[in-house]
Number of protein chains: 2
Amino acid sequence: MAGRAGYHHGDLAAEAVAIALADLAAGSAEPLSLRAIATRAGVAHRALYNHFGDREGFLAAVAAAGYAKLAAALQGTTEPLSFLRSYARFALDNPALYRVMMERGYGQFEGHPDLRAAADKVIALSLAALAPDGEDDETRRRAVMRFWMMAHGGLGLHLSGVLRRRSDEEFVDELLQIAGLADGNTPPPQSLWTSPPPGDKP
Amino acid sequence: MAGRAGYHHGDLAAEAVAIALADLAAGSAEPLSLRAIATRAGVAHRALYNHFGDREGFLAAVAAAGYAKLAAALQGTTEPLSFLRSYARFALDNPALYRVMMERGYGQFEGHPDLRAAADKVIALSLAALAPDGEDDETRRRAVMRFWMMAHGGLGLHLSGVLRRRSDEEFVDELLQIAGLADGNTPPPQSLWTSPPPGDKP
DNA sequence: ACCTCAATGTATCCACTGGATATATAATGA
DNA sequence: TCATTATATATCCAGTGGATACATTGAGGT
């Protein structure tokens, strides 16, 4: 039972991650605080350390939940265009969560098998949707990497405000064009920059 | 004079940034601490607040210094291949500093004109080295964006350990190939992944 | 049914951080 | 010379991640 009447909570780990996800979705700019989350779960802050070893362990669990959400969002996309759209939409709809996920790469997977498994599922979906079936493995991986670099780089620049402020829709269209996936009937984009780049005549 | 004998320091702002740069170069993983830097400069931690308004102001100054270093590294590159090489080398040689720089996009430039000016110089160099002269402005900007997405995304994935661990040299060659800038006589790269991607037969 | 024990939660401490306020000292310009 | 302004200090605060010691509980073995 998930009751919280007694001394024990029931499923603290799950609720803590859920609170963190809600927090990130709410768009608060401050970093997640273990204490705040524990308090919100009605528990002493030190209780969290029983489930996740330390802050990084907790964030790994949050990131794993994020990858699971992303995998769910990517399910069913079978070709590059819809895949990129879904991927971009996820990142744009969950910018803070996306950041947490992307700050935890394969390099930090040791000791966090759940995170690795969740991320691997996303990679499998990427391979299926992006890479031509007939090609050899190396070519397929190359295609996924190319996509990932573009999407990751473009989304990062967009989310951190490097690019001219634009609607998400407009950005995705832009990204599709730059990635060579444009469907041809989107209007030509305007300048990419936040403001006139140096060298422009006023 | 940069003397530090008396009550006043001489040039605290410059020394604080220099200490931060040295710290980032030393590769310590912990985030910069104003107090630690002030102590290392032989000064009360509150003295820094006179020069930079708050922590974010200090980091903006550090990032600006980083952009200046990057601009210096990019000076003289006149075509895409050498530009990408220099850019990648800078990021790989100064990963922590690169992170600080990239976390502070145009969106945060308000109130930090120095940071903006330094970043604009890098953009001007990018335009000059990457974009064909004959093309119209929109095409040139598109070329720079395409490069930046790839480089930024690829470097981010490499630095955060998402990709298979490889030497920097190897990674740059890989990046050149994926970006379509390979000079043709580099050996074919191996798999990109940290470990066998899902779907491989063992 | 009992009873041990591992899992989970609490209480209390610590070092450290960014930041605020009030004060002291030095440099500068009228 | 002297007031003003820039710079540095002293001292406080709330908040954070983490450590140690202890309390409570539920599950398994007998």
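1. Ala, Val, Leu, Ile, Met, Phe, Trp, Tyr, Cys and Pro count here as nonpolar, Asp, Glu, Lys and Arg as charged, and the others, Gly among them, as polar. By that scheme, the surface near DNA strand C has eight nonpolar, seven polar and five charged residues. "Near" means that a residue's C-beta atom, placed from the backbone, lies within 6 Å of the molecule or strand.

2. This is a predicted model, in which local features need pLDDT of at least 70, side-chain atom pairs count only at pLDDT 80 or more, and totals for chains, interfaces and linings use all residues. Residues are numbered from 1 along each chain as its sequence is written, while chains are lettered from A and ligands numbered from 1 in the order in which they are written.

3. Start with DNA strand C. It is surrounded by 20 residues, the closest being A:H9, A:A44, B:Y7, B:L34 and B:R55. Helix α2 (34–40) of chain B and α3 (48–51) of chain A each give at least two residues to this surface. The largest share, three residues, is from α2(B). Helices (H or I, at least four residues) are DSSP runs, numbered from the N terminus.

4. Now DNA strand D. Around it are 19 residues, of which A:Y7, A:S33, A:R55, B:H9 and B:A44 come nearest. Here helix α2 (residues 34–40) of chain A contributes the most, with three residues. The classes are eight nonpolar, six polar and five charged.

5. Look next at helix α1 (residues 12–25) of chain A. Its 14 residues reach 20 Å from first C-alpha to last, close to the expected 20 Å (1.5 Å times one less than the number of residues). Its buried residues are A:L12, A:A16, A:V17 and A:A20. Buried means 20 or more other C-beta atoms within 10 Å of a residue's own, with C-beta atoms placed from the backbone. After α1(A) comes A:G27, with a positive phi near 85 degrees.

6. Finish with chain B. B:V62 touches B:V17, B:A20, B:L21 and B:V100, leaving out residues up to four places away in sequence. Contact means C-beta atoms, placed from the backbone, within 7 Å. B:I123 sits in helix α7 (residues 113–130) of chain B. B:I123 is buried, with 20 other C-beta atoms within 10 Å.

Terms used:
Buried ≥ 20, exposed ≤ 12 C-beta atoms within 10 Å, placed from the backbone. Contact = placed C-beta atoms within 7 Å.
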